[in-house]
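Please keep the model open beside the text as you read.

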Amino acid sequence: MENELIQILPAGSNRSERQLQPLAPAHEILFNDAATKQPFFKGKTFYIETFGCQMNVHDSEKVAGTLLAKGYRPVENYEDADLVLYNTCSIREKAAQKVFSRLGAFKKGARNRQRIIGVLGCVAQQEGERFFDRAPQVQLVCGSASYSRISELIDRLEAGEKRVTGLSLDTDECFETEITRRDNPFRAYITIIEGCDKACTYCVVPMTRGPERSRPSDKVLAEARRLVDAGYTEIQLLGQTVNSYRDPSLARLAFPELLLRIAEIPGLKRLRFTTSHPHDFTSEIVRAIENSPVLCNHIHLPLQCGSNRMLARMRRTYTREEYLEKISCIRSAKRAMSISTDIIVGFCGETEEDFEQTLSLIDAVGYDQVFSFKYSPRPNTDAGRMEDSVPEEEKGRRLITLQERQRQIQLSRNQELIGQEFEVLVEGFQSKLGQAIGRTTSNRIINFAGEAGWIGQYMNVRVTAAGPNSLVGVRAESG
Ligand code: SF4
């Protein structure tokens, strides 16, 4: 393993806002600085808090690695940090507001400490230099398309510049780092494609993350091999539209071929990928999953809305019928697959009839999990200029209706699993309950009596009871 830093920590949680944990004691850290020859810590400290999606979580891991290579040391509390970074999300208004409330803390106190405060990610890109007016305590504003410049930007601040920005979207590069400071000891993220060339009318991503650009397959494969050599047993490939991957190298591997090549790496137990765009979802992806048990039998395929009228307004580039064809293809696979989705309710102009079509589609698919949200207009989007016509109370009612319908679907799907046996990766342990938390390849959680020492192990568990969101089981004798 080269240039890889691994922190041995309890498995990551499902929190959407994460803060990188402080580094474990030295004996728990595996670090090879053969290439960088950097001193480990120069005495300066950093704190990163991350909002939003897995892409942001992994970006923060890479930014943290960059800072480690510069000699910075992570701390748990922003008050102890010389460099405070907020990696922001603007997918919904609430998420965007959170960063301003965090920054408020620096208005009041701790002004006597010399520290650099920076904002990264989508809100940084969206607000740009306006950020300095809204939050004068901020000195660094950097969007994700400029992370490869983050080291240089910090150098400039350290050298005395007052304010620096990295806001260019004109790039064909992906953010490559020599060190990534990963936050989970078993599952590692690998970004294979950045940006997005789709143009969904409600979405800020094409404006905040820039154009689509894929990493060469040889670099992705080399990173995957290094991770497996380092002991990771599960890899999750990331991209805003992961299945739109287009290999820029001469190998020209198609996305399903890349999946199969990674899955062949000896020692890798599980390979996941997220998020797939329905337009680019092909039967070859399903065939790849059928042919490799390493490929997890779970597909996240965002629907957003079940009405063709709304899908066209959202510019999703598929119809309800086309989406359902992809679902039939997944359902016809030799391995049973679980399917999850994202849904927005109350989009501009959504009528009761449109909403009913979403309900009928979730009935037809029988999703294993649905992430549902009320629409909120985002600045600089096409939908932001449309009339946000559905009243807030009505959006709330539709959300509750949809969630209740889906709860019943999940409960009945999970109850069908009682008595069956599944292999799980133990990802956590609840000491109060004495329960291990395992995840199946189909992305279901099973809680079962266990020990903290099982974290990181694979074992078979028989399902004994089912709720809408998780299962209860016992360790099987075979496992
Ligand atoms: S596919 Fe649509 S929703 Fe997804 S990131 Fe691209 S523009 Fe946004």
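Predicted model: local features only at pLDDT ≥ 70, side-chain atom pairs only at ≥ 80, totals over all residues.

Residues are numbered from 1 along each chain as its sequence is written, and side-chain values use heavy atoms, with hydrogens and water left out.

**The chain as a whole**

The protein chain has 13 helices and 23 strands; helices (H or I, at least four residues) and strands (E, at least two) are DSSP runs, numbered from the N terminus. Of its 479 residues, 56% are buried. Here, buried means under 20% relative accessible area, exposed means over 50%, and partly exposed is in between, with a 1.4 Å probe and protein chains only. Among contacts (heavy atoms within 4.5 Å) between residues at least 6 apart in sequence, 73% join residues at least 24 apart.

**Around the ligand**

A residue is near a molecule if one of its heavy atoms lies within 4 Å of it. The ligand is surrounded by Cys-196, Lys-198, Cys-200, Tyr-202, Cys-203, Val-205, Pro-206, Gln-240, Thr-241, His-277 and Arg-316. By class, this shell holds 6 nonpolar, 3 polar and 2 charged residues. In this scheme Ala, Val, Leu, Ile, Met, Phe, Trp, Tyr, Cys and Pro count as nonpolar, Asp, Glu, Lys and Arg as charged, and the others, Gly among them, as polar.

Two packed helices are described by the angle between their axes and the distance between the axes. Axes are lines fitted to C-alpha atoms, for helices over the stretch in contact, and angles run from 0 to 180 degrees between N-to-C directions.

| Helix pair | Angle | Axis distance |
|---|---|---|
| α7 (residues 217-229) and α8 (residues 255-263) | about 30° | 10 Å |
| α11 (residues 320-331) and α12 (residues 352-365) | about 15° | 11 Å |
| α12 and α13 (residues 392-415) | about 15° | 10 Å |

Angles under 35 degrees count as roughly parallel, over 145 as roughly antiparallel, 65 to 115 as roughly perpendicular and the rest as oblique. A crossing is left-handed if the near helix is turned anticlockwise from the far one by less than a right angle, and right-handed if clockwise.

Take α7 and α8, whose axes pack at about 30°. That angle makes α7 roughly parallel to α8, and the crossing of these two helices is right-handed. On the α7 side, Ser-217, Val-220, Leu-221 and Ala-224 meet Leu-258, Arg-261 and Ile-262 of α8. This contact has 5 nonpolar, 1 polar and 1 charged residues.

For α11 and α12, the angle is about 15°, which makes α11 roughly parallel to α12. Here α11 passes α12 in a right-handed crossing. Arg-320, Tyr-323, Leu-324, Ile-327 and Arg-331 in α11 meet Gln-357, Ser-360, Leu-361 and Val-365 in α12. The contact divides into 5 nonpolar, 2 polar and 2 charged residues.

Helix α12 also packs with α13, at about 15°, and these two are therefore roughly parallel to each other. The crossing of α12 past α13 is right-handed. From α12, Glu-352, Phe-355, Thr-358, Leu-359, Ile-362 and Asp-363 take part, with Glu-394, Arg-397, Arg-398, Thr-401, Leu-402, Arg-405, Gln-406 and Ile-409 from α13. By class, this contact has 5 nonpolar, 3 polar and 6 charged residues.

**Helix α9 and its cover**

In α9 (residues 283-291), Ile-285, Val-286, Ala-288, Ile-289 and Glu-290 are buried. The elements that cover these buried residues include α8, β15 (270-274), β16 (298-300) and α11.

**Backbone details in the loops**

Most residues other than glycine have a negative phi, and most peptide bonds are trans. Which peptide bond is cis, with omega near 5°? It is the bond from Thr-274 to Thr-275, and Thr-275 lies in the loop between β15 and α9.

Asn-380, though not a glycine, has a positive phi of about 65°. Asn-380 sits in the loop between β18 (369-374) and α13, and its 48% relative accessibility counts as partly exposed. Asn-443 has a positive phi near 75° and lies in the loop between β20 (435-440) and β21 (445-449).

Finally, Arg-163 is found in the loop between α5 (150-158) and β9 (164-166). At 39% relative accessibility, Arg-163 counts as partly exposed. Leaving aside residues up to four places away in sequence, Arg-163 touches Phe-132, Pro-136, Val-138, Gln-139 and Leu-157. Arg-163 and Val-141 are 22 residues apart in sequence, with 8.3 Å from C-alpha to C-alpha.
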